[in-house]
Amino acid sequence: DKKEGQAALEGLGKTAADKGTPAEPFLVAAFDKVLEATGDKSKNVVEAAIAAAKAILDMASPFAVDSLMPAFLTGLGVKAK
């Protein structure tokens, strides 16, 4: 459901902003799904996904880059939305 997806993305963004470093392993693990949601048809879901992605990147440590790279590289693929 689009509203549940939007609410989940908003929750991830809020968790990233509020909890920060203790939540980092979980947020980094979910980052590929967040980026995937930026290709959704619903404008509200896309906006929530972008906000969540920015919040995750703002709090992520430089050491998380290795874990985030596969999500970025997938987004560069030819078949990515």
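**Chat about a predicted model**

Colleague: Let's start with Ile-50: where does it lie?

Modeller: Ile-50 lies in helix α3, where helices are DSSP runs of H or I with at least four residues, numbered from the N terminus. This is a predicted model, in which local features need pLDDT of at least 70 and side-chain atom pairs count only at pLDDT 80 or more, while totals for chains, interfaces and linings use all residues. Residues are numbered from 1 along each chain as its sequence is written, and side-chain values use heavy atoms, with hydrogens and water left out.

Colleague: And is Ile-50 buried, exposed or partly exposed?

Modeller: Ile-50 counts as partly exposed because its relative accessibility is 38%, which falls between buried (under 20% relative accessible area) and exposed (over 50%), with a 1.4 Å probe and protein chains only. From Ile-50 to Ala-60, ten residues on in sequence, the C-alpha to C-alpha separation is 15 Å.

Colleague: What span does α3 have?

Modeller: Helix α3 has 17 residues and reaches 25 Å from its first C-alpha to its last, which is close to the 24 Å expected at 1.5 Å a residue; the expected span is 1.5 Å times one less than the number of residues.

Colleague: Which residues of α3 are buried, and what covers them?

Modeller: The buried residues in α3 are Val-45, Val-46, Ala-48, Ala-49, Ala-52, Ala-53, Ala-55, Ile-56 and Met-59, and their cover includes α1 and α2.

Colleague: Now the largest nonpolar core: which members touch the most others?

Modeller: That core has 20 residues, and those touching the most other members are Leu-9, Ala-16, Leu-27, Phe-31, Val-34, Ile-56 and Leu-68. By a nonpolar core I mean a set of buried Ala, Val, Leu, Ile, Met, Phe, Trp, Tyr and Cys residues joined through side-chain atoms within 4.5 Å.

Colleague: Which helices supply it?

Modeller: At least two residues of this core come from each of α1 (2-19), α2 (24-37), α3 (43-59) and α4 (65-76), and α3 gives the largest share, eight residues. In soluble globular proteins, nonpolar side chains tend to be buried together.

Colleague: Switching to the surface, what makes up the nonpolar patch?

Modeller: Leu-57, Val-65, Met-69, Phe-72, Leu-73 and Leu-76 make a nonpolar surface patch of about 530 Å², and α4 supplies its largest share, five residues. A patch of this kind takes residues with over 30% relative accessible area and no salt bridge, with nonpolar side chains (Val, Leu, Ile, Met, Phe, Trp, Tyr) joined within 5 Å; the areas come from the Shrake-Rupley method with a 1.4 Å probe. One of its members, Phe-72, is placed in helix α4 and is partly exposed, with a relative accessible area of 31%.

Colleague: How many salt bridges are there?

Modeller: A search of the whole structure finds three, a salt bridge being a side-chain nitrogen of Lys or Arg within 4 Å of a carboxyl oxygen of Asp or Glu. In one, Asp-40 pairs with Lys-2, with the closest N and O atoms 3.0 Å apart. That pair links distant parts of the chain, since Asp-40 is in the loop between α2 and α3 and Lys-2 is in helix α1, 38 residues apart.

Colleague: Are those two partners buried or exposed, or something in between?

Modeller: Both fall in between: Asp-40 counts as partly exposed at 24% relative accessibility, and Lys-2 is partly exposed at 44%. Besides Lys-2, Asp-40 touches Val-45 and Val-46, not counting residues up to four places away in sequence.

Colleague: Which residues form the other bridges?

Modeller: Lys-14 and Asp-18 meet at 2.8 Å, N to O, and because they are four residues apart in helix α1, about one helical turn separates them. Lys-43 and Glu-47 meet at 4.0 Å, N to O, and they too are four residues apart, about one turn, in helix α3. Lys-43 counts as exposed at 61% relative accessibility, whereas Glu-47 counts as partly exposed at 43%.

Note on methods. Patch = residues over 30% accessible without salt bridge, like charges linked within 9 Å, V, L, I, M, F, W, Y side chains within 5 Å. Contact = heavy atoms within 4.5 Å.
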